[in-house]
Amino acid sequence: MAKELSFIAIIPARYASTRFPGKPLALLGGKPVVQRVYERVTQVISNAVVATDDERIFAAVESFGGKVVMTSENHKSGTDRCWEAYQKQGEEYDVVINVQGDEPFIAESQLRAIMACFENETTDIATLVKPFSVEDGLAALENPNSPKVVLDAESRAIYFSRSVIPYLRGVEREEWLAKHTFYKHIGMYAFRADVLREVTSLPQSTLEKAESLEQLRWLENGYKIGVGISDVETVGIDTPEDLARAEEFLNKQ
């Protein structure tokens, strides 16, 4: 019988967001956004730590009883911050889950789906997708800010793109969503700990530069990305307007 894997969740939370400075400390239903994320995650994964580069966020996490580590201001990606935080927290785990600090409605089912990807021993990295529905409409499918993913028969990622993939030849674009299941990428990742160490030292790749998608660097270097499928619609927070929408969403729950 395979040994049970150990998991840690790391929640990167930066203060200096271009579109919404101080976002992790913004109040949502009377609690900081980062606290809502932490509380959701620790219901499923008892080992969790916030990775920040700001004393105010550090103090806020300590004040609600969360674990937090200070990381460098100079990281180019959340993955790099995640690796530094993993090293600093001092324990060893099999799998490191990088949970976005602006996803206060992350669902238990999403965390379990990403964890389940590692039941396949060939999985190096895991992420999540959500099928587009006909109701989402063509504009949502064609939105370049919402990357699409194509999967193989074993539910592994073949490619990520800002373009609509695959292209349905001989089908009117208005019919595409009705004729094929397209997958929208949800930006949550998990890594085997040794793989996380390796990917942070890889140079930027050609495809990554072309699409500005970090995960293409991993595919180009041969890593196997397992994909969990979720039907949960989350409300990520990138702007103050998103926060207002999240407040509405919270009140409805």
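**Briefing: backbone exceptions and ring contacts**

Serine 155 counts as partly exposed because its relative accessibility is 23%, where buried means under 20% relative accessible area, exposed over 50% and partly exposed in between, with a 1.4 Å probe and protein chains only. This is a predicted model, in which local features need pLDDT of at least 70 and side-chain atom pairs count only at pLDDT 80 or more, while totals for chains, interfaces and linings use all residues. Residues are numbered from 1 along each chain as its sequence is written, and side-chain values use heavy atoms, with hydrogens and water left out.

**Backbone**

- Serine 155 has a positive phi, near 60°, although the residue is not glycine, and its place is the loop between strand E8 (148–151) and E9; helices (H or I, at least four residues) and strands (E, at least two) are DSSP runs, numbered from the N terminus.
- Serine 212 likewise has a positive phi, near 55°, in the loop between helix H8 (206–211) and helix H9 (215–220), and this serine 212 is exposed, with a relative accessible area of 53%.
- The peptide bond that runs from isoleucine 165 to proline 166 is cis, with omega near -5°, and proline 166 belongs to the loop between strand E9 (157–161) and helix H6 (176–179).
- Most peptide bonds are trans, and most residues other than glycine have a negative phi.

**Aromatic pairs**

- The structure holds nine aromatic pairs, a pair being rings of Phe, Tyr and Trp (its six-membered ring) whose centres lie within 6.5 Å, with planes under 30 degrees apart counted as stacked, over 60 as edge-to-face and the rest as tilted.
- Tryptophan 83 and tyrosine 86 form a stacked pair, 5.7 Å centre to centre with 25° between the planes; both lie in helix H3 (residues 78–89), three residues apart, about one turn of the helix, and both are buried.
- Phenylalanine 191 and tryptophan 218 form an edge-to-face pair, 5.2 Å centre to centre with 80° between the planes; because phenylalanine 191 lies in strand E10 (residues 183–192) and tryptophan 218 in helix H9, the pair ties together parts that are 27 residues apart in sequence.
- Ring pairs also link Tyr167, Trp176 and Phe182 into a cluster.

**Charges over rings**

- Arginine 56 lies over the face of tyrosine 15, at 3.6 Å from the ring centre, the criterion being NZ of Lys or CZ of Arg within 6 Å of the ring centre and within 35 degrees of the ring normal.
- Lysine 184 lies over the face of phenylalanine 132, at 5.8 Å from the ring centre.
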